[in-house]
Amino acid sequence: MDSKKMKRALFAMVAVFVLIVGAIAAANLEQVKQKLGLTADGQLEETALIEEADVNGGQRGDNLSAFLQDETFFDPEVRFKSIETFSGRNVFLMMSSVAKDLRVMVVDSVGKLVTGTPFTIVVQGVGEYTDTDKDGVIYIDGLRSGEYSISLKEEEGFIVPNTITSIQVRQEIEYRVLDDIEYLILTEDDIDVEKEDKAVNGAEEAADGSENTQLQFASGNAKLGIDVSKWNNTIEWERVKEAGIDFAIIRCGYRGATSGALILDPMYEKNIKGAIEAGIPVGVYFFTQATDEVEAVEEASMVISLIEDYDVDYPVFLDSESAGGRGRADGLTSEERTKIHKAFLQTIASAGYETGIYGSRNWLKSEVDMTELSDYKTWLAEYSDVPSYDEYYHMWQYTSKGAVDGIETRVDLNLCYMNIDTSINHAKSAEGYSGVIDGDSGNVPTGGDEED
C-alpha cells in the first residue's frame, strides 16, 4: 500500500471514531447534565449542601461533600494551632551533647538564637524544661547516656516544628568539634562589653622595668612577630609586613567574664584576612573563661569554626589569664584549670592543628600544672630583658609596648623559636600530615640561647 492510500485509510478510521463518540454523547445528554448538576441551558443548579439523613441512618441526596459545611463534624479545638498559623515566626531546634548533657538551642530561619521568649521543651521520659532566662538556650546536665527524644512546645507568635527529634547523649566526654557551635557565637553588639571583656595582662603587672620595647630581629631560627586584637584598632598590614614582622597571632574571640557567652573579636575577620593578603603567616588565640570541660570543648569548637577557611601556619593558643578577680573562672583551682585547659587543647589537636597555652610567668608557675600540658606549645609572657621562667617555652612575648609601622597603638612583640614551615598549610593535615610545625624546637630556660 502506497503512502497516499495509507493516509486516506487512517483519516477514514478517525472520522468513523468521532461519529461514534458523538452519537453516544447525544443519546445520553440528559444523564450527563443530571450528573453535572446542569440545567437545560447549561447553568449549575442550586442544590442543598446538607441533606437530611433518613430514619434508618442512610443518606438522602447525593452531595458527598456536605460534611464540609457541618460545623459539628470537626473537633472544636484545632491541634498544633501555632503550626497552622502562617503569620508566626518559624523556629527550629539545634541540639548537641558533649558528655552526660544536652544543649538545645531555639534558632530562627536565618540561624540566629531566638531570645526574649521562655520556650519550653519536652524531653520524653525525663520532663519539661523552660528557657527561664530567655536566651534561646536550654542546657541540661546530669543525664544518663542513651537516646533522647526532644520536642518544642507551642508558643504564641511562633510556628514550631511538628516533629520529635532524637539525639544521642554520650557517657564519656569526646574531644571533638561541635558542628552547631556557630549558633552560640555572639558579637559585641549582643553584650555589655565592659562586663565581659576583662582579660588582665599578668605579665604587664609583673614587669621589672627592664623590658626591651624595640623590635628584636634575632639571629638563628627565631622570628619576630606581633599579637593583636580589637584593642589595636585598624591595622595597615602591608606596612606591617614591610616593617619586618614575620608572623601575627590574632585574637579570634573570648568567653565573657560575666555571662560566659562566646564572643567574636570584632576585628578578627579584618585582621586575619589583612595579614594573609599581606603575606604574613598567622596563628590565633582565644581568651578562656571556661569553668568545666564541656565549656572548653565549646571554646575550641568556636575557634575551629573561625579558622577552618584560612591557612593557619602558627599554633592555636589558649590565652589563660585572670579577669582581675571578676571573672567566672578566676576561682578555679590549679588542678581544675589544668583539666579544663587540656580539654581545649585536645579538641584543637583532634582537628589537626598545633596548639598551646599562653600565660605570664607567675600564672604558668602557680595557676596551671604545666607538667600536665607538656605535650603542647608554651607561649610565655614575661616583660624583662631576660626571662626568669625556668621551664621550656616555644614563644616569648617580651613587651606590650612595642611600636610597629602600620599600627597606631602600642603592640605586643614576640620572638618565636619554633621551626615554622609556611610552605605547608593546614589543609595538608587532612592528607596525613601531622601538623604545620616542623620539629619541636623551643627556647631553653635561660631565655637567651636558641636550640636547633
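**Helix crossing**

I began with helix 7 and helix 8, whose crossing is right-handed (the near helix is turned clockwise from the far one by less than a right angle; helices are DSSP runs of H or I, at least four residues, and strands are runs of E, at least two, numbered from the N terminus). I kept in mind that this is a predicted model, where local features need pLDDT of at least 70, side-chain atom pairs count only at pLDDT 80 or more, and totals for chains, interfaces and linings use all residues. Residues are numbered from 1 along each chain as its sequence is written, and side-chain values use heavy atoms, leaving out hydrogens and water.

Helix 7 (residues 293-307) and helix 8 (residues 334-350) pack at an angle of about 35 degrees, their axes 8 Å apart (axes are lines fitted to C-alpha atoms over the stretch in contact, and angles run from 0 to 180 degrees between N-to-C directions). By class, I noted nine nonpolar, one polar and three charged residues in this contact (nonpolar: Ala, Val, Leu, Ile, Met, Phe, Trp, Tyr, Cys and Pro; charged: Asp, Glu, Lys and Arg; polar: the others, Gly among them).

**Helix 6**

Which residues of helix 6 are buried? I found Tyr-268, Asn-271, Ile-272, Gly-274 and Ala-275 (buried means under 20% relative accessible area, exposed over 50%, with a 1.4 Å probe and protein chains only). They cover an arc of only 165 degrees around the axis, so they lie on the same side of helix 6 (the arc is taken from directions from the helix axis to the C-beta atoms). On the face turned away, I saw exposed Lys-270 and Glu-277. Just after helix 6, I noted that Gly-279 has a positive phi of about 85 degrees.
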